[in-house]
Amino acid sequence: SVIKLKGTRPKGEIITTGVFPNVSIGEDLEITGKWTKHPKFGEQFQAQTIQIIEPSGIDAIVRHLNSGIYRGIGIKTAEKIAEFFGEDTMDVLRADPHRIAEIPRFTTKKSQEFVDDWNKHQGSREVLYFLHKHEIHVAIAMRIYKRFATQTMTIIKNDPYILAQEIWGIGFHKADEIAKHFEVDPESDT
């Protein structure tokens, strides 16, 4: 991907290249990498690791909720949610997204859409963080998630070698490295 980020540089905008997991407008990122000079497009930051920072503070929470991830949540609704739950909004929603229905004038349909979107978004995030923690490059992590979705963690813990059979770009050698992260016995039959 090629994305434009607001950063701490004097210009304020940073053109960044790399493989980004489900990044949405308004999210805060911590990126490591190196500066490069593209012959046609100029200075760019080539991302090597990407971590999405959970929003903290009312403004960040509103930006996240209004990012377009959640159907029917515009700026006014995002502000209403953040005002209702305050600084604890993300913790409340992570613990029980159904609590969104407590907000006055939130219809059953709108509440259910939010819960569905929240669960889908959180599920992919959890899997991608899990894979990143085990030093699986984000490009490969995305392929793994697309294949196994929310079952990814269970499948890899039970049989990491399935990755060599099911995921393009992962051979036995890479699956063996991944298995070591999960402390699978090298003499195991799995």
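Let me begin with a term: a nonpolar core is a set of buried Ala, Val, Leu, Ile, Met, Phe, Trp, Tyr and Cys residues joined through side-chain atoms within 4.5 Å. Keep that in mind, and hello everyone. What you see above is a predicted model, and I'd like to walk you through it piece by piece.

First, the overall picture. The protein chain has eight helices and four strands. If you follow the chain from the N terminus, the elements run β-β-β-β-α-α-α-α-α-α-α-α. The C-alpha trace spans about 60 × 45 × 25 Å along its principal axes. There are 190 residues in the chain, and buried ones make up 41% of them. The chain exposes about 11700 Å², with carbon and sulfur atoms supplying 50% of that area. And if we take contacts between residues at least 6 apart in sequence, 45% of them join residues at least 24 apart.

Now to the strands. They form an open sheet of four, in the order E1-E2-E4-E3, and the pairing is mixed. At the edges sit strand E1, residues 2-6, and strand E3, residues 28-38, each pairing on one side only. From one strand to the next, the twist averages 45 degrees. As a reminder, strands of a sheet pair through backbone hydrogen bonds, either parallel or antiparallel. Which way do E1 and E2 run? They run antiparallel, and five bridges join E1 to E2, which covers residues 13-17. To find that pairing on your screen, look for Val2, which stands opposite Thr17 in E2.

Next, the helices, starting with H1, residues 58-65. Its buried residues are Ala60, Ile61, Val62, His64 and Leu65. What do they pack against? The answer is E3, H2, H3 and H4, so please keep H2 in view, because cut-offs matter there: buried means under 20% relative accessible area, exposed over 50%, and partly exposed in between.

Two residues of H2 are worth a visit. Thr77 lies in this helix, and because its relative accessibility is 14%, Thr77 counts as buried. Leaving aside neighbours within four places in sequence, Thr77 is in contact with Gly72, Phe106 and Lys110. Lys80 is also found in H2, which covers residues 75-85. With 30% relative accessibility, Lys80 counts as partly exposed. Not counting residues up to four places away in sequence, Lys80 touches Ile103, Pro104 and Arg105. For a sense of scale, the C-alpha atoms of Lys80 and Val115 are separated by 16 Å, and these two residues are 35 apart along the chain.

Is Arg105 buried or exposed? It counts as exposed, because its relative accessibility is 74%. Its backbone deserves a look too: phi of Arg105 is near 65 degrees, a positive value in a residue other than glycine. For context, most residues other than glycine have a negative phi.

Now back to the term I opened with. In soluble globular proteins, nonpolar side chains tend to be buried together. The largest nonpolar core here has 23 residues, and the members that touch the most others are Leu131, Ile136, Ile144, Ile156, Leu163, Ile170 and Ile178. Helix H4 (108-133), helix H5 (138-148), H6, H7 and H8 each supply at least two residues of this core. Which helix gives the largest share? That is H5, with seven residues. Apart from this core lies another one, of 19 residues, including Ile69, Ala82, Ile100 and Phe114.

Let me finish with H8, residues 172-181, whose buried residues are Ala175, Ile178 and Ala179. They cover an arc of only 105 degrees around the axis, which puts them on the same side of H8. The general idea is that an α-helix has 3.6 residues a turn, so residues three or four places apart point the same way. The buried residues of H8 pack against helix H6 (152-158) and helix H7 (162-166). One of them, Ile178, touches Ile136, Ile156, Pro160, Leu163 and Ile170, again not counting residues up to four places away in sequence. On the face of H8 turned away from the buried side, you'll find the exposed residues His173 and Lys180. Just after H8, Glu183 takes a positive phi of about 55 degrees.

Technical notes. Residues numbered from 1 in each chain as written. Predicted model: local features only at pLDDT ≥ 70, side-chain atom pairs only at ≥ 80, totals over all residues. Heavy atoms only, no water. Buried < 20%, exposed > 50% of the residue type's maximum accessible area, 1.4 Å probe, protein only. Arc of directions from axis to C-beta. Contact = heavy atoms within 4.5 Å. Pairing = 2+ DSSP bridges. Axes fitted to C-alpha atoms, helices over the stretch in contact; angles between N-to-C directions. Areas by Shrake-Rupley, 256 points an atom, 1.4 Å probe, with all protein chains shown as cover.
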